Amino acid sequence: MGKDQRNALGNSVREASSPEGAFDEAGPSPPRRGGTAAASTLGATLLIALAALGAAPRAPAPKAEAGPQRIQTTHFDVQSFLPPEDGKSYAALCERAYGRFCELLDVPQGEAVWDGKCVVMLFRTREQFVAFAAGVAGPNAAVSGGFSRPTKLNPLIALPMCGQERVRLEQLLIHEMSHVFLQLFRKEVQLPIWLHEGCAQFFEFRHHTADSRLKQSQRIVKDIVANGRARPLRQFWVTPFAATDREGYAQAWSLIHFLSQNPRTKGKIGKYVLKLKELAPERKGFVHIQSEADLKRFVQEAVEKAYALQAEAFGQVFGITVADLERDWRQFVLSNY
Ligand SMILES: [Zn+2]
């Protein structure tokens, strides 16, 4: 179940975006701590006065939903409806994760990946999240396990922090943040799904190395490699996979794992991402599809270009061919998993 939710999240990164400005309209107002403190002091005074009069105090009126706790860090504006200690610890986690992304992608110190701060909304209940998500990002986001809106200025991540064990919720936050980070780092282009999902899972597992899903992914990959079912990269690099495709997710993770370990590719994943972004073509104008054959040719050309671009970037950055990568990766899987 956790897997589906996480994967649903991944999909929502691309699908659940909404027009700029929506967040401002639906965003909760900042907390009014002073007002609350004053009210409770007044309440206590009233209780004492009532007790002195021998009157039974009436049950307090139901509390209106309090505003979020806001925690500003260097890169994040965390707005949390969780207990204050949890809010603080998630805010600290955001910064730690940010540091790990910078490390993997070799982001120069002081470079801003996004403008302003990334707003992280952490909801205590699913209902709270759904109400917010439906208003800000529409029905798709409301049924998701969380969503993000990777806009260059003040990107947004919104998550229901409930229904799973703590470490899984932390991984959920890291997974979603990985998508935002990768998307916004320098030029914004559509990066391949395997790269996005591979990196997001890589960071999840790094955060919780005892995660049973890590061993499970290793078993899946070892099995597909041993049985000749691993997808050829010519196909895998250009074909999106479904949220329920466990072999697809496992292979994506394993490729990133291999690239992070192999002496020839280690420390260069960020350079690869940047090269992909640099080589990515500007969006083309309108293409007039007039027949079934036009459509087929158009799709085929797009797929071939997408593969050629990745292979080109790969060769330039790592100095090895895709065929070498496939061979070395299989060997790595068979001897390490
Ligand atoms: Zn994802």
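Let me begin with Phe202, which lies in helix α8, residues 193–207; helices here are DSSP runs of H or I with at least four residues, numbered from the N terminus. This is a predicted model, in which local features need pLDDT of at least 70 and side-chain atom pairs count only at pLDDT 80 or more, while totals for chains, interfaces and linings use all residues. Residues are numbered from 1 along each chain as its sequence is written.

Phe202 is buried, with 24 other C-beta atoms within 10 Å; buried requires 20 or more such atoms, exposed 12 or fewer, and partly exposed falls in between, with C-beta atoms placed from the backbone. Leaving aside residues up to four places away in sequence, Phe202 touches Trp253, Ile256, His257 and Ser260, contact being C-beta atoms, placed from the backbone, within 7 Å.

I turn now to helix α9. Its buried residues are Arg213, Ser217, Ile220 and Val221. They cover an arc of only 95° around the axis, which puts them on the same side of α9; the arc is taken from the directions from the helix axis to the C-beta atoms. The face turned away from that buried side carries the exposed residues Ser212, Lys215 and Arg219.

How does α9 pack against α11? Helix α9, residues 212–226, and helix α11, residues 246–261, pack at about 95°, with axes 9 Å apart. The two are therefore roughly perpendicular, a term for angles of 65 to 115 degrees. Ser217, Ile220, Val221 and Ile224 of α9 meet residues of α11 including Trp253.

Finally, just after α9, Gly228 takes a positive phi of about 65°.

How values were computed
Axes fitted to C-alpha atoms, helices over the stretch in contact; angles between N-to-C directions. Parallel < 35°, antiparallel > 145°, perpendicular 65-115°, else oblique. Contact = placed C-beta atoms within 7 Å.
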